[in-house]
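Biologist: I'd like a close look at one part of this protein, a pair of neighbouring strands and the sheet around them. Could you walk me through it and then zoom out to the whole chain?

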Amino acid sequence: MATVTAESAAAPAPSTTAYPIRRIAVLGAGTMGSRIAAHIANAGFPVLLLDLDNALTAKALAALRKSKPAALASPDFAARITTGNFQDDLAKLADSDWIIEAVAENLEIKHSLLARLVPHLRPDAILTTNTSGLPIADIAQALPAGLRRRFFGTHFFNPPRYMQLVEIIAAPESDPAAVAAVSRFAAIHLGKTVVPANDRPNFIANRIGAFSMLNTLRVMQDQGLTIEEVDLLTGKPLGWPKTGTFRLADMVGLDVLGSVVRNFAANTHDERSDVQLPAFLEELLNRKWFGDKTGQGFYRKQKGADGDERLVLDLATLDYRPALKPKLPALDLTKPIESPPERIRALLSGNPEKDKAAAFYWQILPDIWLYSAHRLGEISDSLADIDRAMRAGFNWELGPFEMWDAAGVAFTAEELRTHDRTLPDALEKLLKTTEKSWYRNGGSEYFDPRSGSYVPVEPSSAVITLTRARRANGLVSENPGASLIDLGDGIGCIEFHTKMNALGGDIVNFVRQTLNPSSDAIRNFRGFVITNDAANFSAGANLVQLLLAAQDEEWDEIDSYIRTFQEMTQAIKFCPAPVVVAPFGLTLGGGCEVSLHGAARQPHLELYMGLVETGVGLIPAGGGCKEMTLRAIDIASAAAPPAARDSVELHHAMRAIFENIALAKVSTSAYEAQSLRLLCPSDAVTMNRDRLLHDARQRVLAVADAGYTAPLPRTDIPAPGDAVLAALRLGVHMLREGEYATDHDVVVATHLATILCGGAVTPGTLVTEQYLLDLEREHFLSLCGERKSQERIAHTLKTGKPLRN
């Protein structure tokens, strides 16, 4: 339902208009407008992008093609964007179902453009304005009464492809049906977390975020902290972006930040009048030191004797000095704590009089909590929506009320009273309840101060989390590395839950046993999903165990591990019930191999997938080489007669997969993963991460309902053989001659080429899947014995970066 201000009249009744959305126009080709258009193109929809003249839109389109991080999920998607200008092309808006105005944050400019486009809109077209804080009611004044029913605010966060949040701000006359149509489209097709916000300054996320930023600067100055210390304190320990306050500000742009906080300072008149734009930030804006876009802000890079040196601003002198690594022992103690609530409690457990970190957290966290509670009924009536907005818009692991629950509401309230802090009415009401927490029942209900009772958190029916599924249907089985959870309707989910979901013995054995044809799980479930609720699907195999075994020359142990790993991937592929893998985020090495063997895949758009083993001096040995060879052979066979065992098509297909693995290529999206042949053309992409488990579950049901029959192991694979192998070796030799590869790169690449080609056999020699698996294992063991491979593994574990030796 549309959310309106407390001062406005009740929302109008929904109209009977359906509001289908198929074609979209974006007005304004600046950074924000062009990237909104790009993400609409990512979703597969045609989009019209207009600005003052064609040169501006052409420049914007060119910038999209080379932007980093990439705005387009595939460069090919730029073809879905049609450009034009306000002078000649406004009539084309008649074809658009949804028009997004995204010109400069200036009321006069917006009014002028809106008045010009009104004659060109269809009577059922929806018009929204993208603004980070201008009052929607003020913008709506430029529109005729009939159009105001189809007008409201849509606040996208930058960059639109990667930031989940879109705030929907209804005007008093907005048609709830139009609001619902855009909300649904944004959630399903654009992958957004849609949060309704009241028409108040800065809406929800920027209101809380701007206060948090300005208050952090105030506390920093009061406590005499440095920029480096604040960035460390406000990064990963709190579950906030690891960049911290100032590095993030440089990335976003101090000009953008300045606009938001100036709007905050000018238009908010609340209990925290002491939080203002500091003089040093005003001076940086005057000097146009906007951060990364101008080469300097709070930080600046300069060339030093040992490469790039990062300098940091001294706020007292506004001169730069070398950045120093802060020493905050309390934060070191919290590093091993993975649970965000436990980490919050640990951060507040120190003595503020002796611990610099505790003193900082005891100031900024209660300030955020109290400020957020005071805003209930103003920016939003729902504390759950405030939490969702901060998680999706600022990438906080926990929203302010979730953090408060983690710290203990009753305990912190008593501390605040001892310091004569004014407690909000909402908090006083909460403290009268038995629970004394903002959420209860595992987060499924939240406290509503208006009624004084708990109400359900109502996610979309398409949002399924494994926590909810575990609570609703039960845990079937588990070990320290993985679990089997009942998703209902005869579908089970295998969840990984190790650190970074690294694939060790617990996960490998659990999957093998669960998908064994004679297991209880096979008898009780019609199909399976493999996914999890973590930040990444899987970072690959557990390299620590592998390195220790290789250094101790435990070759039988390594051989046994690889055999077992291969048995796991084959259990996935040949399972009697369909297994759909739902990868997302980092899906590397062994994680990629798990995905390759599914009956189908349901990836999230943000998929960073690749067979990256060559980066540590090894080769894929869990069936990854085998599966990629099969895909190359099948592609070539479809393009050339089966008798053409040494066709040009086969050479091209084999070279492509060889380069992808040898260069450890990682996709930048699910669509690029398809172009790398890590996904199949039939693998549908989910745009909304929160819907991934639902979509994967529906995919399994569809496959099972269609009458799934598991494949049989292939025994008649025509090996590419020595002809392709010779061509690949020649390419590697030329790279070495040009000094683009090291001697050890050549060793690794030669092993890889041999596996992919089925060995130095006559082209077309028929081999089996097991033969290719045996080749993988044999060559993997050989590389494990190479000193330089062991050095690469050790270096990667220590630094997180590959070593070229």
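Predicted model: local features only at pLDDT ≥ 70, side-chain atom pairs only at ≥ 80, totals over all residues.

Modeller: Let's start with strand β18, residues 527-530, which pairs with strand β19, residues 579-581. The two run in the parallel sense, and 3 bridges join them. As background, strands in a sheet pair through backbone hydrogen bonds, in either a parallel or an antiparallel way.

Now widen the view. β18 and β19 belong to an open sheet of 6 strands, and reading across you get β15-β16-β17-β18-β19-β21, with mixed pairing. At the edges sit β15 (475-478) and β21 (600-601), each of which pairs on one side only.

Zooming out again, the chain as a whole has 32 helices and 24 strands. Its C-alpha trace spans about 80 × 65 × 60 Å along the principal axes. Is that what a compact globule would give, or something else? For 805 residues, a compact globule would have a radius of gyration near 28 Å, and the chain has 28 Å, so the two agree.

As for burial, 55% of the 805 residues count as buried. The chain exposes about 33600 Å², with carbon and sulfur atoms supplying 53% of that area. Last, the charges: there are 81 positive and 95 negative ones, and their mean positions lie 2 Å apart.

Methods:
Residues numbered from 1 in each chain as written. Heavy atoms only, no water. Helix = DSSP H or I, 4+ residues; strand = E, 2+ residues; numbered from the N terminus. Rg over C-alpha atoms; globule rule 2.2 N^0.38 Å. Buried < 20%, exposed > 50% of the residue type's maximum accessible area, 1.4 Å probe, protein only. Areas by Shrake-Rupley, 256 points an atom, 1.4 Å probe, with all protein chains shown as cover. Lys, Arg positive; Asp, Glu negative; His and termini not counted. Charge placed at Lys NZ, Arg CZ, Asp CG, Glu CD. Pairing = 2+ DSSP bridges.
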